[in-house]
Amino acid sequence: MKQRYYSLDVFRGATVALMIMVNNPGTWSSMFAPLKHAPWHGCTPTDLVFPFFLFAVGNAMSFVIPRMQDAGSAVFWKKVIKRTILIFLIGLGLNWFPFVQWGDAGLQFREWVSSVDPNKGVRIFGVLQRIAVAYFFASVLAYYFKPRTLIYISAFILLGYWGLCAFLGTGDPYSLEGWFGTVYDKQILGVAHMYKGEGVPFDPEGLLSTIPVIVQVVFGYLAGTFIKNQGQVDWLWTKVPQSKEPHFKLLSGLFVTGFILVVLGWTWSLGFPINKKIWSSSYVLYTTGLGIMTIGGMIWYIEVQGVKNKFTQFFDVFGKNPLFIFVLSGLLPKATALIRIPNGVGQNGEALFTTPFAWFYKNVCAQIPGPTELGSFVYSLCFLVIMWMICYWLDQKKIYVKV
């Protein structure tokens, strides 16, 4: 039996915890720089969270795909299609939830496309939808192709995506205005169902930018396979000398491969900038390299040094119910937003209201002495602790929600 690495569970839990924290600040207008996404090109610590989670999805696949291959293609297609549809629908439901909103006439049904403004509606894509699509195609590739072939396919996809961006884009093909994918997102999804946080219809989790995301999951699968086999593979290009240290070959392979990918990603970025919004190919290599080295560091710290303490257990709890707690972290603020707390009177004499979480931030967290970023950060930590307590209770009751 292959060794089960506890560090992979901690890695997955840590990415979920960080996703929850960066998605729930006290106020979006006051955040410490490392907790912000890069405005366009570039990569902050926050820009590592989503690719790391996708990488963790691939890690988990390395344990599941072999069992599916033994069970046969009928079982594989049934499970993968079912899981893909469920995750996608959960993400779509999360975008639409709570299906009603406060209006002049009280609570009103939230329309699929607004009857008042046809350019507004329910967003179709999002984080979970991107995970679903990338998981589906990565699973198919991992099921039918050998690891060495997957490397060639991944290289072809990344180079092909670069070509699409360069030749189909307009003006600066890597800019918000020039990126080619927005045109197709508008035609297929419709402006009403796209993200507009950039000030214009542009979906950072749209259709075309999901192409390289598939490779992110595939790389996670390959890294997970390498780890599961403890570095004993015949498809990696590295030749590591034998050592009496049982983890030497594994760790050296991870760190060398991660370093190579980081350098390749940085070098490629000179022509194809590192960019999360369009999920550039250089961004895939760069974040994958950092993810591999991060996992390598965790394996050294947790498995080799034998460290298992409150710190590792804190993140491990998140890894037990990752999808459930991520969805709950999105549902809870939206559900409680229907609760209106009187908050004074406006200039025109209309009654103003706030929500329970907004009240907590304004009256507790925002009152902390210091910069406004501190109060916003404390709110994020408080929200994270609430989510952890729920995860901890579920773990104690041995309740694990899986799709």
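Which residue takes a positive phi just after H7? In this predicted model, the residue is Gln230, whose phi is about 55 degrees.

In one of them the side chains of Glu205 and Arg123 meet at 2.6 Å, N to O; Glu205 sits in the loop between helix H6 (181-188) and H7, while Arg123 belongs to the loop between strand E2 (106-109) and helix H4 (127-144), so that the pair links distant parts of the chain, 82 residues apart. Both Glu205 and Arg123 are buried, and together with Asp203 they are linked in a network of salt bridges.

The loop between H6 and H7 also holds Glu198, which is paired with Lys277 in the loop between helix H8 (248-268) and helix H9 (281-304), 79 residues apart. The closest N and O atoms of Glu198 and Lys277 are 2.9 Å apart. Glu198 counts as partly exposed because its relative accessibility is 27%, whereas Lys277, at 12%, counts as buried.

A further salt bridge joins Asp395 and Lys320, with 3.3 Å between the closest N and O atoms. Asp395 lies in helix H13 (residues 372-396) and Lys320 in helix H10 (residues 310-320), and the pair therefore ties together parts that are 75 residues apart in sequence. Asp395 is buried, with a relative accessible area of 11%, while Lys320, at 27%, is partly exposed.

Conventions:
Residues are numbered from 1 along each chain as its sequence is written. This is a predicted model: local features need pLDDT of at least 70, side-chain atom pairs count only at pLDDT 80 or more; totals for chains, interfaces and linings use all residues. Side-chain values use heavy atoms; hydrogens and water are left out. Helices (H or I, at least four residues) and strands (E, at least two) are DSSP runs, numbered from the N terminus. A salt bridge is a side-chain nitrogen of Lys or Arg within 4 Å of a carboxyl oxygen of Asp or Glu. Buried means under 20% relative accessible area, exposed over 50%, partly exposed in between (1.4 Å probe, protein chains only).
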